[in-house]
Amino acid sequence: MREIVPPPPPIIHNQFAEVRELFNRYVVPSYGRFELVFSHGAGHHVWDVAGKRYLDLGGGIAVCALGHANPEITETLIEQSRRLVHVSNLYYHEPQGRLAQRLVGHLAPGKVFFCNSGAEANEGLYKLARKFGHDEGRYEVLTAINSFHGRTLAGIAATGQDKVKKGFEPAVAGFRHIPFNDLEAARAAISPATAAILIEGIQGEGGITPASAEYLLGLRKLCDERRILLLIDAVQCGHFRSGRFQSFQRVLEGIPGAESFLPDGVSMAKSLGGGFPMGAFWVREESMGVKLCDLLGAGSHGTTFGGTPLGCAVALKVLDVIERDRLADNVRTTGDFLKTSLAGLAQRYPGVVKGDRGLGFMLGFELQDRERIPGFAASDKPASLQMVNRLHEAGVLTIPSGNQIVRLLPALSLPRSLAEEGLAVIEQVVKSVA
Ligand SMILES: *Cc1c(COP(=O)(O)O)cnc(C)c1O
């Protein structure tokens, strides 16, 4: 695999306090941010304004599929922006058509709608579900407890976590939550108003939990029986993060009867543009006798920036590189190595690490309760946050998920050597708090 690590530009001076003050005064404080100010990146590393280097195992929350400042992405941005950046969806252009063709090729016959974020991709799926059920008075979408589907009003209604809903009532109507990986609960929850079931292929923000093969197959059968759409939020778990284009393809590998499994809609974003903001949803050509892919007809849905020539050219390049460099294979082998190593960590330090989670490059390790970890007991901050902070001090970026899980969502190109380097740092930090 080709290493893409050009030398970083020189550091001029430490602007930490100045940048921090700009945020204090001028940026809406809706995020809990870490006390880090970054200036540049290259490959799998980013540098803060004091010149300290960090190994990025968070990938900007599963976004930077090809790492930082990838020269091929930079080249594509420059080349396409010289030609055509935006024309609006009043017109046709080649990159959007080509990208849709490629995504359909990786999934199955159907069509693609382009937007700008994960929440917006899911919005499209809710509208698809409502349109599908409209003539029968069906509109309800069932989603999972602990799911995450985005921060728009419908997104927080769909999300199965109270913390995102609080203070923004009344909730958008038409969403109910069911326990994840529990087929009987799904069956019992279906009402005459239910039009769709939406789940994440691997729950991300909820703590890295893959949907089981039995659950996926059971949901498909249930949805067919009850004429309900099966929708998958692949915003985080998609785009080869599992080692296959879609996580359900990986989970169902080798399972008898699973070859024909297909959801009715799939939302995408995060890694799709490799850092360029992009979202999309794929909708299946036909399902339950309905031509689903043409359900959202002219005038029914849209967005100004969706699928610009620039965004699509970049996403096409991201796909080119993933395919040419066989990054899905890298995700499988290096991901398996990381997962096995995290399991080993749990064995060696059971007082700190409870176990490993996930698959491919959507991994996590679960920590013990804060009070039980000697190095964390003194602070009342969640164990996940304390661990991520210690890892920052040690020069590695990871991402907390809930109070007890630390996520690894590295670039799909992360080589084994850097995975080993990151693991060594994680082990050293785990040891220091044990
Ligand atoms: C990040 C995420 C979203 C929201 O995507 P945005 O681009 O932040 O709107 C939705 N669903 C899942 C599973 C996600 O991980």
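How many disulfides does this predicted model have? The count comes to zero. Take Cys 237 as a test case: a disulfide needs two cysteine sulfur atoms within 2.5 Å, but the closest cysteine sulfur to that of Cys 237 sits in Cys 115, 16 Å away, so this pair is too far apart for a bond. Cys 293 counts as buried because its relative accessibility is 9%, and the cut-off for buried is under 20%.

Now for the ligand. Around the ligand you'll find Ser 117, Gly 118, Ala 119, Asn 122, Phe 148, His 149, Gly 150, Glu 200, Asp 233, Val 235, Gln 236 and Lys 270. Sorted by class, that shell holds six polar residues, three nonpolar ones and three charged ones. Which helix gives the largest share of the shell? That's helix H5, residues 118-133, with three residues.

| Residue | Part of the residue (N or O atom) | Ligand atom | Distance |
|---|---|---|---|
| Phe 148 | backbone | nitrogen | 3.2 Å |
| Asp 233 | side chain | nitrogen | 2.7 Å |
| Gln 236 | side chain | oxygen | 2.7 Å |

And how much of the ligand does the protein bury? On its own the ligand would expose 380 Å², and the protein buries 81% of that.

Last stop: strand E17, which covers residues 405-408. Both of its faces are covered. On one side are Ile 405 and Arg 407, on the other Val 406 and Leu 408, and all four residues are buried.

Which strands pair with E17? One of them is E14 (residues 362-367), which runs antiparallel to E17 and is joined to it by four bridges. In this pairing, Phe 365 stands opposite Val 406. Another is E16 (residues 399-401), also antiparallel to E17, with three bridges between them. Here Ser 401 stands opposite Ile 405.

E16 and E17 form a hairpin, with three residues between the strands. Look for Gly 402 in this hairpin: it takes a positive phi near 65°.

Terms used. Residues are numbered from 1 along each chain as its sequence is written. This is a predicted model: local features need pLDDT of at least 70, side-chain atom pairs count only at pLDDT 80 or more; totals for chains, interfaces and linings use all residues. Side-chain values use heavy atoms; hydrogens and water are left out. Buried means under 20% relative accessible area, exposed over 50%, partly exposed in between (1.4 Å probe, protein chains only). Helices (H or I, at least four residues) and strands (E, at least two) are DSSP runs, numbered from the N terminus. Two strands pair if DSSP finds at least two bridges between them. A residue is near a molecule or strand if one of its heavy atoms lies within 4 Å of it. A polar contact is a pair of N or O atoms within 3.5 Å; within protein, one must be able to donate a hydrogen and the other to accept it, and residues adjacent in sequence count only if both atoms are side-chain atoms. Accessible areas come from the Shrake-Rupley method with a 1.4 Å probe; for residues, only the protein chains shown count as cover. Ala, Val, Leu, Ile, Met, Phe, Trp, Tyr, Cys and Pro count as nonpolar, Asp, Glu, Lys and Arg as charged, and the others, Gly among them, as polar.
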